[in-house]
Amino acid sequence: MTSGRELFSCFLRGTALERPAFVPLVRGLAARVGGVKAEAFTQDPTAWANLLIKTAELFNLDGVVAGLDFTLLAEACGCPVQWQDDRPVIAGPASLVCQEPEQAGRLKVALEKARQVFEISRSSRACVAALTGPVSLAREVFGQQEGLARLGEIKPLVVRVTEAFCATRPDVLIFLEGSALAQEEIGMPQRKIYNTLRNLAAHYDIPVGMFLRNYGDDLPPGLEKLKMDFHVLGLSQDGGLPPRKTLERLSGQGLGLGIGLPMDDLEAAKEMMGLGIDLYRAQSGRGFFFTSLGPATREANLDTVHQLVKEISRVRL
Amino acid sequence: MGMTVNIDIGGTFTDFYATEGEGKGLITKSPTTHYDLSVGFMKGIKSLARGYGRSMDEFLGGTDAVRYSTTLGTNALIERNGPKLGLITTAGHEDAIFLGRGRSWADGGDSQGNKDLARINKAVPLISRNMVVGVRERMDSFGNPVCPLQREDILEALQELVDKGAMGFVVCLLWSFANPAHERMVKQVIEDEYPEDYLGSLPVFLSSDVSPKSGEYTRFITTIVNAYIHGVMADELTKLGNELRDGGYQRPLMLVHNTGGMKKVSRTRAVLTHNAGPVAGLHGALTLGRHYGHQNIIFTDMGGTSFDIGVVSGGRLQTYDFIPVIDRWRTNIPAIEVKSIGAGGGSIAWVNELLGNSLEVGPQSAGSMPGPACYDLGGAEPTVTDADLVLGYLNPENYLGGEMLLDEDLSKEAIKSRVADPLGIDVVEAARRIRAVVDARMGQAVFNEVALKGHDPREFVLFACGGAGATHACGFAPYLQVDKVVVSGHSPVFGAYGASTVNIQQVWDKSHTMKIFHYAEQCYSQDFDAFNSVVEELKELATADLRLEGYSPEQIGFRLELDMRYGMQYNLTKIISPHMSVSGPDDYQAICDHFTEEYSAIYTPEATFPMGGINVECFYLTAFVQTEYLQLQPQQEQGDAPPEAARRESRQAYWPSLGGFKQTQVFDFDLLQPGNRIQGPALIEAPETTYVLEPGWNFVKDGFGSGVLRLTGAPEQG
């Protein structure tokens, strides 16, 4: 049987996949699998890594995703963070951007977790690194009005964190962007920062993708100027699934496309899967994989996840 | 001749040079990936395969040899990621490596730092004091056992080191080069206690194997350095070998040595790979010089991180006169001498507030990550490459043949914030000064290595190599007053080109003191066996070793060198022996005459001291097997005027002697014909480098595809 890693390698090489790979973000799910609170296990890189690996093994996922959520980066920007309902939330505005963010606090733990996860999983599963994109981060930290204008202020931090993340040697790096990028025209500030991040990832020989959600009726003008190697589409701003024409448009660019599946709604997931399978077949099995519509929460239906894995494993050209 | 792939890893770029048959070699560069050198290594090989229009499998499957000059060992020393080692030495001498020798605390330090005696720190030892144990034993200087070694003592020492976490053992006993029996006994005991088939087996390194020469400090340190980098290198090279094999390569990986030869990985001592890249480049200069008929060459290689300087004098490479330093450690390896200073395209410009806001360039380099600001990898420090870009010398869309786009705005921003604003000058003036400072540093360093070592630079040809060599040659060459500067077509990857020219070779050395001229009796030694038996012993070792590499004795050539000195003197002088063996006093006399000649050339004839007699102290037998390399065939010259097709769109470039930016003609190096001449100012763009031809300089593309530069006007004093 082809391993998840082999499948994802086919995606990265641009060759036909025996079936689409399934690589969802499962941090919330991992907490449930381990029966522990996220606040507890995210203090210990080894426990965190073990839980992610255990979750991937339990559901027989094709890859592991090690993520740096928005609060980790916001915290490095000087925002205070509090835990509410076992989720970290930002509790105040940014103060002083940390000079060596990768060396301290929760971010250091998260990077070490990623290193361990990838080191252990590399032989059998795809290793995906995901982090909040700089444009969304700037908006969250500095507010809607100033976010874009102050993008340069967080650039050194984002560069350092991205480099540290690349040094954990993932197979791909995915930036998660929301409305801050998805609903604006892509201009020079966005292009400049993504140009640097793309160059940086290229130094580590890592393809770069963008997970885009909260987009409008159409994708933001100039998105292709960011020259991402691939895109992943989440929900649109009105909570709808990505339109077929948009998917078709993106599937022909770079390495291809990932489609997010809702992890708590089997019917909606099947609808998306159907769309995805059509695209997969239309592309002769090239340039396509499935992921989740966002990080799966601990409330996700486990049967749905099992069912999705089962369904995807049956897909053939 | 089949396909060969030659690789040289530098601090910023990894260089590749492939040859196939008699066709033109193919060159490429890839950013050095310090986090895992194999990534940049395999990227470059993929690029070569694409260049030949083949798949990786086809390309590597058809490759006869991959030759590699690596910095893995150097990195291990810099990062200090070697294993925890235990040292077993003669009781009473446990502190020898910590006391050091002479001014060894200054070895490998920068000249400024070494002057600050109040703050200088000794290098942190590779083996801590608590990991050194002594065993009772003693050989005398003739190799006769004076105090026997007891197995119980060895076991006790072993247990102590293992309990403290030793992951390997270094065994360095006094006079072991004269008689290694005790060191071998220690090894035997270790192997008995920790056999290779156990997971806990521990590697053992004997000084009598690694460095069988007199001088305990350098012998101990050479063995320790070798042991320290051995494991790291073995792991990385095994991984790389596996990647090559997975890619289809079916032959052994060859490693270039700092002695000017190469061997299979499996037959290479780690310590011999240090600084092999610059040595390979120097060997390339020797080879290219033979094509030109040049006997005296100043070799320079300006890369991204360092500026290497070597000398070919009288058609020969020079080994270190004194003691090669690896990182911070004095060793006694018979390495070829190449000096490096921290000056390259990635050297960082900074304002030294402690010296009245003087502008300094280097020695720190931005390396490949983040690299110069214009690489747009997040770097914010201004570098020499940034200055070259701002001055209009580099084409931002044709850097590395267009593989890397440069961002001039980032260069200006970096120079403005870190240099121009602190100095109160504009960005262009700051860029000009950065360039002038780095050129002056390089020019002065070359002058020191050549003129201050007794050579007249005007009798030499300057080879300007490295990715930035052609860009800065007109800047540093005037410091030497050489008549001719040669920038080879291979210069951007000259270390890799040099690797393609080295032979299978290793130097076998052994200390053995013998007086061959007795002044009081005015006669030469009658003991011929003593000389011949050492040479025969070394020959046997070399032949057995090369046989294991698959070469027959008929293919092996030998060269004998001797360390000699006058009795009662300290300094040694190395000579090439006119005889491989001696059979009568005349042979000894020929050796002594040759020594006297060499000594006189170095110290003047008045300094000779035959009254002390003449000693041979050490034997160096170089065993080599000639390898084929691409012979350059001179092309017919086509006339002075460059073809119209070679002219590219002109652009603004800054020429201090012309008062500022001027519209400057740009040429395509590849489209120039042999014999074409260009008068500066002009810019000539090759895929991997840019020639900056300053006003007053003349360029000719010669029949070997090199650019030959000559200063025809007044030297510019930037």
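Me: About how many helical turns separate E112(A) and R115(A) in helix 6 of chain A?

Reply: About one helical turn, because E112(A) and R115(A) are 3 residues apart in helix 6 (residues 105-121) of chain A. Helices (H or I, at least four residues) and strands (E, at least two) are DSSP runs, numbered from the N terminus. Before we go on, please note that this is a predicted model, in which local features need pLDDT of at least 70, side-chain atom pairs count only at pLDDT 80 or more, and totals for chains, interfaces and linings use all residues. Residues are numbered from 1 along each chain as its sequence is written, chains are lettered from A and ligands numbered from 1 in the order in which they are written, and side-chain values use heavy atoms, with hydrogens and water left out.

Me: What do the side chains of E112(A) and R115(A) form?

Reply: Here is the general idea: side chains of opposite charge can pair when their charged atoms come close. A salt bridge is a side-chain nitrogen of Lys or Arg within 4 Å of a carboxyl oxygen of Asp or Glu. E112(A) and R115(A) form one, at 2.8 Å from N to O. Buried means under 20% relative accessible area, exposed over 50%, and partly exposed in between (1.4 Å probe, protein chains only). E112(A) is partly exposed at 25%, and R115(A) is partly exposed at 37%.

Me: How is the size of an interface often given?

Reply: It is often given as the accessible area lost when the parts come together. Here, buried area is the accessible area (1.4 Å probe) that two parts lose on being put together, summed over both. Between chain B and chain A it is about 1200 Å², with carbon and sulfur atoms giving 52%. In chain B, Y35(B), M369(B) and D376(B) lose the most area to chain A, together 47% of what that side buries. Contact means heavy atoms within 4.5 Å, and this one takes 15 residues from chain B and 13 residues from chain A.

Me: Which residues form the salt bridge between chain B and chain A?

Reply: D36(B) and R169(A) do, their closest N and O atoms being 3.3 Å apart.

Me: What else does D36(B) meet through its side chain?

Reply: The side chain of S38(B), in a polar contact of 2.7 Å. A polar contact is a pair of N or O atoms within 3.5 Å; within protein, one must be able to donate a hydrogen and the other to accept it, and residues adjacent in sequence count only if both atoms are side-chain atoms. S38(B) sits in helix 1 (residues 37-51) of chain B and is buried, at 5% relative accessible area. Its side chain also makes a polar contact with that of E243(B), at 3.3 Å.
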